Amino acid sequence: MPNGDVMSAYLSGEEVKRHGKFYFMAKRFCRNKAAVVALTFIILLILGAVFCDYLTPYDYAEQNLAEAKQLPSAAHIFGTDDFGRDIFTRILRGARVSLLVSLMGVLMSTAAALVLGSIAGYYGGKADNLIMRFMDILISIPGLLLSMTVSAALGTGMVKTAIAMAIPGVAQLTRQLRSSIMMLKDSEYIEAAKAFGGSDIHILWNHVLPNCLSPLIVQFTLSLGSSIMCISGLSFLGLGVQPPTPEWGNMVAAGQDYLRTYPHMVIFPGLAVMCAMLAFNLLGDGLRDALDPRMKQ
Amino acid sequence: MIKYVIKRILMMIPVLIGVVIIVFTINYFSEVSPAVILAGANATAEDIAAKNAELGLDRPYLVQIGSYFYNLIFHGSMGTSYIYKQPVISMIATRMPYTLTIGIIAAAFSAVVGIVLGILGAVKQNSIFDYISTTLSIICAALPPFLVCLGLMLVFSVHLKWLPIQGINGWKSYILPIIATGLSPIAMTARMTRSSILEVIRQDYIRAARAKGVPEGVVVWKHTLKNALIPILTVVGMNFGLSMTGSVICETIFNIPGLGLLMASSISQRDFITTQGCVLVCAFIVCVMNLLTDLCYALVDPRIKAQYKNTGKSIKKRSIQKGGAAA
């Protein structure tokens, strides 16, 4: 058993009361240095995305052919692209798109999974069978392919891309939620709540779901990272978010033609995707250890 | 055992039918009709309607999907590509070898390297080697596929000029795509192997084996690895399915005429019938890989084999995983 858990087991009830549950979670989380760095990076990225118009002196869309294809320098720390636009500004602006679209997508798939997973896990029977067979079908189509198909059918744009991202995500979240609910639904306290005459919705919302929250939060964080990667893949292939809206994937696609001579046009947006994915993965791992020490691998 | 295999194969059929229905429905409600693209930029409404009629896209939903299934089942045909005017099935058949070669070699290579790295990491836990390999595998798992492909191309083709940049031209052309496809599976396999072995190596029977003087190599390879293999097999099987996805980006960048490139181009040209065929083939491969993974469980673990024999029932992967980990 990890140290943190042993320690909190020895704490007196009063101590727990004084600090609250959240304090111990935060303490466990802070012990994981990588996760703290990841969280800091994500916060900086969000701030950069929100305030990108004020942070750099350049405009993300304004073309300046006199300064085209510059290598990184003091004035343009990540260099400029083929239209003379500052790559750093465009990466920050692209973060807005990536973060927003992946958040929308993951929120949509979580909402769908909450409904489907609750029905499947709590009620079982025919509904469970039907939902889970449908999820089997969804899961057998590789994620990016399904996103590509949906994205091609719906067309481009942020909301449509978010929907394309959300559909493959539903299956995994539903499966996970269903298995956590199934483990919980026969517990004594659920039985007690039923004996008190609580309605199904009440029991699900107040007793079952709060106890399934930790794995869900972890999966949510990890999904944010993987959907940023998937969005960039879609945009790279010319689906998803289209230029002139900067998105990391379409920046890489645009820079691809200049790979020989100006590789910085590919490397920096690519590294941005990598760092974002890495940060969300590390944050997810850190949250897993902090929220539920028993799940620690 | 054979009963179990037949049952699993039969269970694949509804899944594949579902895949066709889902992809067909998504394409049916597409914003841009293939006819609009085929008819060109200056087409009138009549031109588009004529194209639609020619492609059979003006028929009702049920008729279209019904005829797709009819042709698939009774004629083994997946329709004719809207753009290339060739049977989809033969287009897929000519492209499949490239994708499968890359996928299979990359899967085998990533399994071997990943398992070896994972074992070394677990055996020498908390050493500098463990630290480096864990860090590398975390980074590799976060690498976007296009960055890997372009990075490899930049280093080995553009600067060092060791390997060809694009296209398929002899065995050398396969090296970069295989590495690019295999990199993130290596990371995942190594991570899973490490944690799975660490779980097993703490067990009492490992201590017993060491106590009776079994050499460390035999302890690791025979006693530990065999018991830790179930979750590793799951990851290896999953990775092969993922390489199908990876092939879309990898083949687009390296310009390899495989299934991935066909899929990418058919999606962007709204050649929906080709897309549908490609997705169906991919889903089929994923299903077959899942079945093979489950059969490998039986090879590795006699308890699972007994379960398959006794009940013939499908056993959820999860419970097998847990059973394997608890062993």
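Visitor: How are residues and chains labelled, and which parts of the model count?
Guide: Residues are numbered from 1 along each chain as its sequence is written, while chains are lettered from A in the order in which they are written. As the model is predicted, local features need pLDDT of at least 70 and side-chain atom pairs count only at pLDDT 80 or more, but totals for chains, interfaces and linings use all residues.

Visitor: What makes B:N126 exposed?
Guide: A residue is exposed if 12 or fewer other C-beta atoms, placed from the backbone, lie within 10 Å of its own, buried if 20 or more do, and partly exposed in between. B:N126 has 9, so this residue is called exposed.

Visitor: Why is B:N255 called exposed?
Guide: B:N255 has 12 other C-beta atoms within 10 Å, and the limit is 12 or fewer, so the word applies.

Visitor: What is the phi of B:N126, and where is this residue found?
Guide: Phi of B:N126 is near 65 degrees, a positive value in a residue other than glycine. Most residues other than glycine have a negative phi. B:N126 is found in the loop between α5 (88-123) and α6 (128-142) of chain B, helices being DSSP runs of H or I with at least four residues, numbered from the N terminus.

Visitor: How do you know that chains A and B touch?
Guide: Two residues are in contact if their C-beta atoms, placed from the backbone, lie within 7 Å. By that test, 35 residues of chain A are in contact with 44 of chain B. α7(A) gives the most to chain A's side, with nine residues.

Terms used: Helix = DSSP H or I, 4+ residues; strand = E, 2+ residues; numbered from the N terminus.
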